[in-house]
Each structure stands twice: as structure tokens, then as C-alpha cells.
Amino acid sequence: KPSTQLLPSRDITRVAPPPPHLGVLACSPRHLIMPPQPALVAGAIGGAVLGVLLSALLIKKKEDRRVVVFASALAGGALGTMRASFGGASGARKDPTKRPAEPAVADLAAADPVASPERLRSALRRGALVVDVRAADSSELTNKSTAPVFEVVDGSLSAPYDKVNQTIPVGALGLLQQEKSAPLVVHCRSGARAGKAIAFLRGLGYTDLTNGGGPAVVDLREAYADAGLPWRPHNMGSVMRQLFDPKSSTFTYLLGDASTGEAILIDPCIDQIERDLALVEELGFRLTLMLNTHCHADHITATGEIKRRFQGTSKAPKSAISAASGADADRLIVPNETIKWAGGTRSLTALATPGHTSGCMSFYDAYTGAVYTGDALLIGGCGRTDFQGGSAKTLYRSVHSQLFVLPDDTIVYPAHDYKGRLRSTIGGEKSSNPRLGGVKSVGEFVKIMADLKLSNPKMLDVAVPANLRCGVPDE
């Protein structure tokens, strides 16, 4: 008989719909009721008739009761199968209007193959917004030679494809593209994820969509360049991983060097210690330095706890923060200081970017062509300026004098994002940041920040005292 005991409940969502010829006995509960199948119906009717006739004959001849029961069960089972086939009392089919069947994403992606150079040129000539659905670290290298390269198109919007939910963060898309009829060029590395992202966007009503392939599609590179959007290479070294804490929307960055085995962390969160240390071990690195861009108010830094775990060993990493922050650390950084690591072969330049707090630092990696901006410069925004010695005027000067003077193709890696984006570029922020970009004057920026009227961070009273002590909470 049809039964929900056919499969353990934990396996229900992992079972694909059975082939029609297997009938109801092969179904998971999710697919229990099937449309009538001619062969199944005929077999059910024949089995039912046979079982009934056999039961009557045996009863008439006074045969063993157990045989009668077996024959009756055969008839009942056949009838039950027939009822299930027609969607009878064993269960009702779900109303298709409540949850319409969705075509497989692969099928939709097949309808949007990588565009021809001519089609891509057409979309870019019409001013298409370029949407990048990749991750933004060394997991997305165009090639994996001795000089790994991560390539970025100028002005592209980071909106990473979620493989589990088969979505992209449309909240970020809506900030730059309000009209669903406006042209979009979607790319990943080779076009596969772009096709799936296009399927998702089409389901939301976007209509002018072009699969822009990605940097691995050689035939399209010239089309991007002709539109003034060449692929900009960034040397990631051995490893650069961008990690995320969903509780505080904080990005942590792991930089690793294979030749020396050294690794550093930028803005580690105490709630993600196990994840970060496990990744360092998995990649075969030794953590030597932990940098904080500022004294955070929305989470507790992990530096103090990580140091405690390695206390008394030769593997204990050092903590670092700006001297202007007033916080404790093994190393207090001053403006324009060079922070060397990987045996002196790699370095970060400390750029003083106060304004969000009085002690904010950004770390510029000239080798990679990237800057870790903390809260001073966010994607399409900036950190608040109304507490911890913050100043809108100071932040405006910091961003314009320290960050906006970097090369336009410098990747911006912020400490937070609340719309699902992963990275931007200095050129993109200079031209389109609604608070600091374009021709915004310092007076306009001060007014924008004053009008925000933000409530205090939930962790303010706990995080700031702890982070002033290198992430060690008060007893």
C-alpha cells in the first residue's frame, strides 16, 4: 500500500521523482500521487479482479484461512494502487496554483548560452550594466599557473550566485538598475553560472539579459575591450579567501603564502574562530599576524581569543591595530607604515583613514591591486560617523586623499556589506558612490551623514570595551 514509511523523512528532499513506469511504490512521500499511467491502471484492475475471484473460489472450497487472507490482501493492494494512480483517498495532488512546477535550471540555462561577440557588443553599446556572479577571491582564478590571476571588469556589480538557492542578491541589483527592461550583461568565469543567474532574473521579470561568459571565454575578451571594459588582472598570490559572518555582516580576509607557509587574517570575528582556524590548518598555513582595521562596535574581534589558544607556544600569532585607536595589541601601527609578511616577500601599506572612528586604517596591497578599507569606504556607502570619535568631514578627507588617489582598477574589499555584494573598485566608487563619489562636496556629505539618524549598534556596549582590550571581554 502507499505509505510514508517507504523512505526515511530525512531523505525526502534528496530523492528525485521516480520514472513513471515504476509506479507509486518507488515514490518518496513528496511524489506519492502520480498521474494515471495506462499500464499501471490495467495491471491494477487485472490484479484486483484476479484477487477477488481467487478469494471467492478458495472460500467456496473451504481452503486454509491464511491463503484467503493472502488473496484478499492481493486484491486490496491492487485496488489501493489503482486509487493511488488516480489520486484517490490515499492522498490528494497538490494544487499546482500554489506552487507551480519550475523547469530545471539547467534547461533554462541552456536557453541562454554564452553570447556571440556580436550580441555582447550590442548589449554593451546599449549601456548594459555588467553583473559579476562569481566569488571575489582566489577561488575564481582565470588560470592557475605560477601567477594566479583574478580578473575584473571596470564598473561591474558584484552579485554572487548562490548555488544552493539558485539566486543572486537582487537587492544589490535594484540599487543600480531600477528598470527590469534595461539591458544586463551577466558573467561568471565561463558562462555556466551566468546562465543560471539569467534564468533566475528572467523569473523575476528582467527581460534584456545577455550571457557575457567570463574571462575564460577567449572569444569575448575583445568585445569587452572594444566597449572600454577590458579584463583587469589581479595577482592573488597563493591564497586570498573572503569569509563572511552573517551575524554582523562582517568580511574577514585570509591571505596566505605557499612558499613560506605564512598567513594573516584581517578583521577576524570571535564567532568564526573555529571556521577560520580550521581553514588555516586545511590550507597548510601558519597564522602569524592578525590585523584589525579599527576598533569595531558591531562584533568582538577574535584576536585575543586566538592568541590565548596559542599562548605559550612558538605558533602564537601577533595582533595589530592602529596606535590612534587607543586599543591594546602586540603591534600598534602608524600611518604609512609597511607591514611585511611572508618572510618579507609580501607587504601591506597602512593608510590612515579616520572618520568612521578616530583610529581607522585601510591596508593597501600593491602586489594584488586591492585595498582592505574597513568601514571607511563600503560598496556604495561608508561607515557611520556619529560615535567613537567619528567625523564626517574627517572621513570625507580620508577617502578622497588616501583611497580615491589609488589606481581606478584597485579592488575595494570592505569590512561589511548588507546587500550581498563582495567587492567594488576605486574607480567605481569614485564615480558612483552615492555618498562620496561624483562631484559630492564635503558639505553635501556632512548633511547626508547627519540626516541618517541611525540607532546604536546592538553590540556597542559589549564590543567596544572588549576590542579596546584586543577582543578580551570584561570578566
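Where is the place of R346? R346 is in strand β14, residues 346–352; helices (H or I, at least four residues) and strands (E, at least two) are DSSP runs, numbered from the N terminus.

This is a predicted model, in which local features need pLDDT of at least 70, side-chain atom pairs count only at pLDDT 80 or more, and totals for chains, interfaces and linings use all residues. Residues are numbered from 1 along each chain as its sequence is written, and side-chain values use heavy atoms, with hydrogens and water left out.

**The whole chain**

Show the chain as a cartoon. It has 13 helices and 18 strands. Of its 475 residues, 48% count as buried; buried means under 20% relative accessible area, exposed over 50%, and partly exposed in between (1.4 Å probe, protein chains only). A contact means heavy atoms within 4.5 Å. Among contacts between residues at least 6 apart in sequence, 67% join residues at least 24 apart.

**R346 and its surroundings**

Select R346 and show its side chain. R346 has a relative accessible area of 7%, so it is buried. Leaving aside residues up to four places away in sequence, R346 touches G237, L255, I339, K340, W341, D365, Y367 and T368.

**The sheet around β14**

Next select the six strands that form an open sheet in the order β13-β14-β15-β16-β17-β18, with mixed pairing. Two strands pair if DSSP finds at least two bridges between them. The edge strands are β13 and β18 (424–425), each of which pairs on one side only.

Start with β13, residues 338–341. I339 and W341 make up its covered face, while T338 and K340 make up the uncovered one. In a regular strand the side chains alternate between the two faces of the sheet.

β13 and β14 run antiparallel and are joined by four bridges.

On to strand β15, residues 361–365. Four bridges join β14 to β15, and these strands also run antiparallel. Select L351 to see S362 of β15 opposite.

What lines the largest cavity? Select N292, T303, S319, A320, I321, A327, D328, A329, N467 and C470. On a 1 Å grid over the protein atoms alone, a cavity is a set of points where a 1.4 Å probe fits but cannot get out, and a pocket is an open set with protein on both sides within 12 Å along at least five of seven lines; lining residues have an atom within 4 Å of a point. Grid points are joined across faces, edges and corners, and a volume is the space filled by probe spheres set on the points. The largest cavity holds about 40 Å³ of space. Its lining divides into five nonpolar, four polar and one charged residue; Ala, Val, Leu, Ile, Met, Phe, Trp, Tyr, Cys and Pro count as nonpolar, Asp, Glu, Lys and Arg as charged, and the others, Gly among them, as polar.

Strand β11, residues 318–322, gives the most to this lining, with three residues. Four of the five residues of β11 are buried. Strand β10 (residues 286–291) runs parallel to β11, with three bridges between them. Here L289 stands opposite K318 in β11.

C470 lies in the segment after α13 and has a phi near 65 degrees, a positive value in a residue other than glycine. Is C470 buried or exposed? At 9% relative accessibility, C470 counts as buried.

Then go to K453, in the loop between α12 (442–450) and α13 (460–467). K453 is not a glycine, yet has a positive phi of about 50 degrees. K453 counts as exposed because its relative accessibility is 67%.

**The second largest pocket**

End at the second largest pocket, which has a volume of about 750 Å³. It is lined by 29 residues, and D298, R384, H416, Y418 and L454 are the closest to its centre. The lining divides into eleven nonpolar, nine polar and nine charged residues.
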